[in-house]
Amino acid sequence: MSNGTGAKAYFSGYGERVIPLPKELRRRPVVIETWGWIASLGFEVIGVTEPRGRYTERGLGSSGIGRERGHILLAPGECESVRIQRGWKMRGRWKIRFLDAMSVGELPREAKGGVSRVFQRPEPGTRLAVEFGDKGGRLAIYNEEGRCVRVLCGRSNRFRDVVVVPDAAGVLAVEGETLKWGSMFPWSLKVQP
């Protein structure tokens, strides 16, 4: 799959692999969309940098379980490439896709999942009914530098809340309270009339 400029933005495989970020996205916030095979227990995404020839790695997040698509948000320049590390007893393929974070999809009227996700920020003043499962989670807005500028709600236990989307530029992120990007207990968002 090509991203319009000719650079490949979609990758899949069975084993461990290092994949460079597309050059046109290195100075932009990037969403890494991850998903696996139906029986997959997930895989890890590790950021790789090589400043002055010194190889360093840092965990970025994980995929969801099975085919559910998850998102990992990177700040501009956070890493030069990513290393895919297969999960324990993982079967089938892993798949990733690089996206410009500011061009992710819109939040549907109702969204739910079990993995972190990033959406376009709805119109300011939109009311959202938020529900997070046993380990809680966080709903936040990230700006064009990939930094969290506003936490709308968040707790480390099960909760329900209604939040109003503020007038802050960026993207809306559903993330874990502690493990941030990756598998979570079930969550749901509903746009209120």
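A salt bridge is taken here as a side-chain nitrogen of Lys or Arg lying within 4 Å of a carboxyl oxygen of Asp or Glu. In this predicted model, the count by that rule comes to 10 salt bridges. One of them joins the side chains of D134 and R158, with an N to O distance of 2.5 Å; this pair links distant parts of the chain, since D134 belongs to the loop between β11 (127-132) and β12, whereas R158 belongs to the loop between β13 (148-155) and β14 (159-164), 24 residues apart. D134 is partly exposed, with a relative accessible area of 41%, while R158, at 51%, is exposed.

A salt bridge also forms between the side chains of R28 and D100 (2.9 Å, N to O), and here the partners are 72 residues apart, R28 in the loop between β2 (17-20) and β3 and D100 in strand β8. The relative accessible area of R28 is 29%, so this residue counts as partly exposed.

With regard to nonpolar packing, the largest core comprises 29 residues, of which I32, V82, I96 and F98 touch the most other members. Several strands, including β3 (30-36), β7 (81-86) and β8 (94-100), each supply at least two residues of this core, and the greatest contribution, four residues, comes from β8. Beyond its neighbours within four places in sequence, I32 is in contact with residues that include V45, L60, I72, V82, I96 and F98. A second, separate core of 20 residues has L107, F119, C153 and W187 among its members.

How values were computed:
Residues numbered from 1 in each chain as written. Predicted model: local features only at pLDDT ≥ 70, side-chain atom pairs only at ≥ 80, totals over all residues. Heavy atoms only, no water. Core = buried A, V, L, I, M, F, W, Y, C linked by side-chain atoms within 4.5 Å. Buried < 20%, exposed > 50% of the residue type's maximum accessible area, 1.4 Å probe, protein only. Contact = heavy atoms within 4.5 Å.
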